Each structure stands twice: as structure tokens, then as C-alpha cells.
Amino acid sequence: RESDHRAWTPVTYTVTRQNATIQGLIQGKAYFFRIAAENIIGMGPFTETTKEILIRDPITVPDRPEDLEVKAVTKNSVTLTWNPPKYNGGSDITMYVLESRLIGKDKFHKVTKEKMLDRKFTVEGLKEGDSYEFRVSACNIVGQGKPSFCTKPITCKDEIAPPTLDLDFRDKLIVRVGEAFSLTGRYSGKPAPKVTWLKDDIVVKEDDRIKIKTTPTTLCLGIVKSVREDTGRYCVTVENSTGSRKGFCQVHVVDRPSPPVGPVIFDEVFKDHMVVSWKPPLDDGGSEITNYIIEKKDTHKDLWMPVTSATVKTTCKIPKLLEGREYQIRIYAENLYGISDPLISDEMKAKDRFRVPDAPEQPIIKDVTKDSAVVVWNKPYDGGKPITNYIVEKKETMATRWVKATKDPIFPGTKFKVPDLLEGCQYEFRVSAENEIGVGDPSPPSKPIFARDPIAKPSPPVNPEAVDKTKNSVDLSWQPPRHDGNGKIIGYLIEFQKVGDEEWKQANLTADSCPETNYKVTGLTEGLTYKFRVKAVNAAGESDPAHVPDPVEVKDRLEPPELILDANMAREQHVKAGDTLRLSAVIKGVPFPKVTWKKEDHEVSPKADIEVTGVGSKLEIRNTVHEDGGMYSLTVENPAGSKTVSVKVVVLDKPGPPRNLNVSDVRSDSCYLTWMEPEDDGGSVITNYVVERKDVASAQWVAISSSSKKRSHMAKYLMEGTQYLFRVAAENQYGRGPYVETLKPIKAIDPLHPPGPPKNLHHVDVDKTEVSLVWNRPDRDGGAEITGYLVEYQEDGADEWTKFQTVPMLDCVVTGL
């Protein structure tokens, strides 16, 4: 029966065993049970359960926890998560037991002593580099269930993953002013990256309008009520130790433009129209200005009238005005996002206010030359419009017609160099100004000028000096002024002053009495000391004086000779034969020294021209020959002393003939020539020898060598039996010297030798007073035909051989024995 009911319900089957299974019970309800035994007689009394039995499944330990996963690994910790067991054993889970085992060890160890109900735990205090595996068990009131499946072995090390970045926005974003916008995205990376937002390379900071939200996986920058200043290049950087990623977005916050920049400028004002201009807005609203809207208003009325709304220029013509009325202009700027507030001009009356320029003042003429002049003027009033050109005119004073100085515009300068004047003519000049209205009146004519180069006083003479003196005179010399003042130097004025006096006296009264650059001042007193100065004079006047540096004592001079050598008096002078030898030197000394030229301490050749002047001497020999070379000396002598200089003169000529030409080693087709170098090489190194031969029967010499530097030559290719003459000449850079020739002809034949001995000499017959001999020809004939054989005999025991006779044949009968 149910515990809360009183009625018993029979079980539907009869059992014969001592146990039974009761079916159809309701889970969660409590029941009482009773049982009675029955036999054929009947049923015995019931025995009842002592307490109610609650119907429920039996309680066991929980199943394994599921999905044990490693969520994070560092060098000393591991974070794990898991899910509950599918079945808790019939009782709530009271805690979880997490165990770890070091790879290589056998046993698992609990990782915490505390009671753990969370399904996530970070195991800390692990050793870097070690590998572990983990398992987890669930517990209920019955006890601890089976452990989960083990994780794979996990090595303790920092997990590294470079950042990733996935953005929800594009490169460009356009936002209207007042609207909100946000830049969002997702990111990842290990270790957890740092997220930074930049705008135009400056870190974005949060405020009332700007919000930054970053979670471990998402990022967001949001701006409410955007303003124009929010325009910029936004950059988000996601960075950890392994790298960084960046995302960019160019945000344009757009609005209608600000008003055009004033003031409105009235560039042109006429009785029926005006031209106005203005400057673009400072802020175009982030979008290009598409057009300007221009309106006009008569100040006597309240109505604004449209002029145009289609202009993109910052200037506009305002037409259809009534003369004398005052007008205001207002201008709007427009872009894609709206129309700006207006810019309103001042009032302006419609009337003509421009005219041609005024006439300039009288021009001034400067820098006049024989063919040009510079005209200078001041800028006149421009009549209200900018001057665009000046017109310069010229005319000769006596003429009536003005002529333009140039067809080219003259602007903006207020001076002009007029070219092409005629020298000596007198000119006047005038100037007119021009603007876009027209050309104004001309200026008054300038003062007349003559076209000629200006003359100024010359500069002082250069380097005045006293070059000579006597007991009553001093010779002065100087150089012309560096600048003649554009005028011809008429002459020079020479002044002198006795040392101690203040007064300068003139040595000459007029400049034209001293046109040259030297002057002898006479009438001086012997023994006194004087100062001297010189002035140059042209048509403009006298120059400043140039002073002789030191005072001069007037007396006869006695100076020892001095030689200033010219370049041709260097230690050694080379001259090519046939050229002219010149030796010269500047000679000084008072009185002027006596001059003597010598060669090798003898008189110089009569062909030498010797010239002596008051300042030096020159020796000249024309058409020099080699014999003109030698040591030349120049001696200068006066009562104060003497001085000598020497120069070695080398006349460079063709070399002399070679010496000792010898022929040896004659053969039928060659011979060997040797010689010695010339005694005289002509002052230059022998460069080569020329060797020639001549058949005695021929008149022509034939060159057999022209470049040999050796003093010998093998003459080849001779004709046997022919007689030859040979000659040799030396060459240097100045030419070929004379030939040396062999004294007698050389015959081209091989040299002769005695023949060899006859062979096989024997007797063929003997008598009491004679012997018949025969023999054979010798092996060699010595280079010539054998003419005979000399037969000699000797008595046995004697020392001497006795000549018998010479025979032409190969046999002989010796008689008289």
C-alpha cells in the first residue's frame, strides 16, 4: 500500500519462491509491503515491513567526467576545464578530484587538497620543460567515481601565437557631423596582445564622446556625436612579444562648409556692374566646394536677388546695377552636404571709379654713354587700376616727333636703359603710364643730354721711380694710369720739392709738354735731396699725384755693373744647326759698362753680330753650324767693377761619319761589317745607323739596313764572285751624317785553303835508277781547282826531303835515283 493510503493492493501474481519483484510502482512514492504464506488449507497471517520504502533508483558513484581539455599552458602552469559526468550516480556531485602524473612516473597525485566544485582549474608550480598528463574524477555521497580519460602529455612552456586581427571596417569611412560611428574587430594571440588605438599617430584617449572597449577577443572604438575634428587616419595596433598587426581606417567627418572668408573685395566698380572676389572657406566641410551662391541687394530694399549659383571661382561679375544705387553682396559656399552661412559685403555704390593713370613727374637721366642713357621716373597715381606698362619716348632736341624707345612692355621697374642713341646728338625723354583703362598723359620732357661717354679724371700714374741721375738732373719713369677716365691722356705734370720745403715746384708747365711716360728734371742743385711726383691729365682734369717712393740725392752716380740674364743665357743653350743663335742680357751700371764677348777665351767668330745698347747687349749668329758651339762669356766692366757670365752653346746638328769601317768574314754570299761611333754625335744621341752597298759595276747604292742601333751588321744575299763597296752613316734626331766608305772593293768568294793530301800513294814499277808512282785525288781541294802535285823523295835515314818536280797528273816517274 502507499504510505499515505490505508488500503492494501494485492500483487497480481503468486510466487512459490521466497522473493518477488514488485512492478508498476511510482518513483518517488513511499510504500509499505506485507506477505503471507498459503497452503491448501488456507492463508496464514501477514508479516508487514517495519518502515515505509521510498521508490527510487539505487545510488552509485558517478560516471567519468567528460571533455577534459587543456585551455592554456605556460612554463609553470596548466589550465584545464571539463564537463560533468553524464550520470551522477543518483546523487549530486559533491566535489571533483584533479590528478596529475609526471611523464616517466607511475603514480597520479592530487593537485589540490581543497574541495573543488568548479570545472576549471589552473595547476601552478609546475617545472618548465617537464611533461605531465592529467585526469579528473567526480565524487558524490557514495564515493569517488572513475577518472576521466587522461589528457595527452603536456609540456610546460609558454604558448606563443602571433597576433591576428580581423576588422569589421574598411579603409575609408564617411560620417556626417553629429552621427556616431564605431570601429570594431576581433583579435587573438598568445601571450594576450596589447591593443592600442591611434589617430594621426597620436594615442586616442577616452572622454565623454570617445569610448574604447577591449575584451580578450574583441576590440571596439566608438565615437558619439562626431565632430569635424574626428576626421583622421585611425590605426589599431595589436601587439605581443611575437609581433604586431595593424589596421587602418581613414575617417572623414563631413559637414556643410564654413562661410567664405571675407571681406568681399570690389575689384572693379562701374555704373552698371561690379566685379567682386573673396577667399574660399577655411573649412570645406571635408568635401570639395561644388559651387558658390551669389546674391545682391539694393540697400533701399529688403529683397535679395540671385546673381548666380553655378560658379566655382572665387570671383564674380555682378551685372544689371542702377547707377548711383548702393548694393550689398552675400555669398554662400555649397558642398555635397549642404550650404554654408553667408558672407555679406559692405555697401558699395554703383559708379565708375577708375581712369587712366596720371602723368609721371619729370624723369631724371643717368649713366649717359655714347649710345645709351638710363631714364628714371617715379610711379604716378594708377587711376584706380594697376599700372600694366610704361611707355618711354625719346626725341632729338631740335626734332618735333617723339619716338618710342622700345616696343617691349616696361614693367614693373621705373627705370629703363634707352639703347641705339647716335653719338654726339642731344636728346630729351618722356614717360607715360598705362593701365587697362588706357594710356595716361606723358610726363614733362627730361633735361636734354648729349649722347657721349662721360669723362672722369684719370687715376694716378703707376710706379713712378727715379731711373737715373747726374749732379744736376734726375730721370723719372712711370707707367700710364690704370683708368684713363674714358678720356685720352693729354700728358703728365711733373713736380719736385726740396726736402724740408713745403712748396712743390713744376718741372713742366703744361701736360702736353710731357706726353711720354718719362721725363728728365733739370736745373737741380748738386748735393741736395728732392722729392718728385707725377700727375696724369685728361680733358676732365688732373689725377691725384703719384709719388716717387724715396727722396733722391742729386749727384753723379757710380754703380758697379749688373747683369740681368735673359732666358737664352741659361747655363746651357741648345740651338739647331741652321737656326739663329741669340744671347742677350740686360746691363746696368753707372757709368754704362764696357761690354766684351768671347768664345773659349778667344775673340768670337767674325760672323757674329754684336749689338750694345744703353740697356743691354745682344750676340747673334745666323745659320749656325756645329763649329759655332762652345763656351761663350759676356764681361761688363766700369770703374766700379766688372762682372762675367758664361753660357755653354750646343749646336745640335747631324752626327759626323762613323770611324774604322772594317769588313771581315767574307763568304760567297755574305760578309760582316763593323765600325765605331762618330767622334761627334752632333749634340744628340745617335738613334740608328744606315748601311748601304754598291756593286762596283753599278752607279747606285742599295740600303741593306736603316734602323740598326748596333755598330755591326751582317751583309747577306751577296752574289758570288761580285765585287762590292760598303758605306755607313749615323743618324740622330737632326738628320743623317756623312757616310764612311770601304777603301777597296770586297769580292764575294769563300776563303781558300790548302788541298788535302793525295790518297793511296804507291809504286807500280821500279828500276835501278827510277820509280814509277801513282796516287788518287785528295778528298778536299781547299776551295779551288787543284793545279798540280809536288813530288818529293828522301833517302832512307836522311832528314831532308828533296823536291823532284810538280806534275799535273796522278802519276810520275822519279828518275836520277
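**Salt bridges and surroundings**

Mentor: A search of the whole structure finds 31 salt bridges, a salt bridge being a side-chain nitrogen of Lys or Arg within 4 Å of a carboxyl oxygen of Asp or Glu. Keep in mind that this is a predicted model, where local features need pLDDT of at least 70, side-chain atom pairs count only at pLDDT 80 or more, and totals for chains, interfaces and linings use all residues. Residues are numbered from 1 along each chain as its sequence is written, and side-chain values use heavy atoms, with hydrogens and water left out.

Trainee: OK, which residue does Lys-29 pair with in a salt bridge?
Mentor: Glu-2, at 3.4 Å from N to O. Both Lys-29 and Glu-2 lie in the segment before strand E1 (30-31), so the pair ties together parts that are 27 residues apart in sequence. Strands here are DSSP runs of at least two residues, numbered from the N terminus (helices, H or I, need at least four).

Trainee: And is Glu-2 buried or exposed?
Mentor: Glu-2 counts as buried because its relative accessibility is 16%. The cut-offs are under 20% relative accessible area for buried, over 50% for exposed, and partly exposed in between (1.4 Å probe, protein chains only). Lys-29 is partly exposed, at 34%.

Trainee: What does Glu-495 form a salt bridge with?
Mentor: Lys-535, with 3.7 Å from N to O. Glu-495 lies in strand E39 (residues 491-498) and Lys-535 in strand E42 (residues 529-538), so this pair ties together parts 40 residues apart in sequence. Glu-495 is buried at 9%, and Lys-535 is buried at 13%.

Trainee: Which residues are linked with those two in a network of salt bridges?
Mentor: Arg-533 and Glu-542 join Glu-495 and Lys-535 in that network.

Trainee: How far apart are the closest N and O atoms of Arg-622 and Asp-609?
Mentor: They are 2.7 Å apart, in a salt bridge. Arg-622 sits in the loop between strand E52 (616-621) and strand E53 (630-638), and Asp-609 in strand E51 (residues 609-612), 13 residues apart. Arg-622 is partly exposed at 47%, as is Asp-609 at 39%.

Trainee: Changing topic: where does UniProt place the fibronectin type-III domain feature?
Mentor: The unreviewed UniProt entry gives several ranges, including residues 259-353 and 757-817. UniProt positions are in the numbering used here, feature names are shortened, and annotations may be inferred rather than shown by experiment.

Trainee: How much strand is there over residues 259-353?
Mentor: That stretch is 53% strand and 0% helix, with its end C-alpha atoms 29 Å apart. Residues 757-817 are 48% strand and 0% helix, with 24 Å between the end C-alpha atoms.
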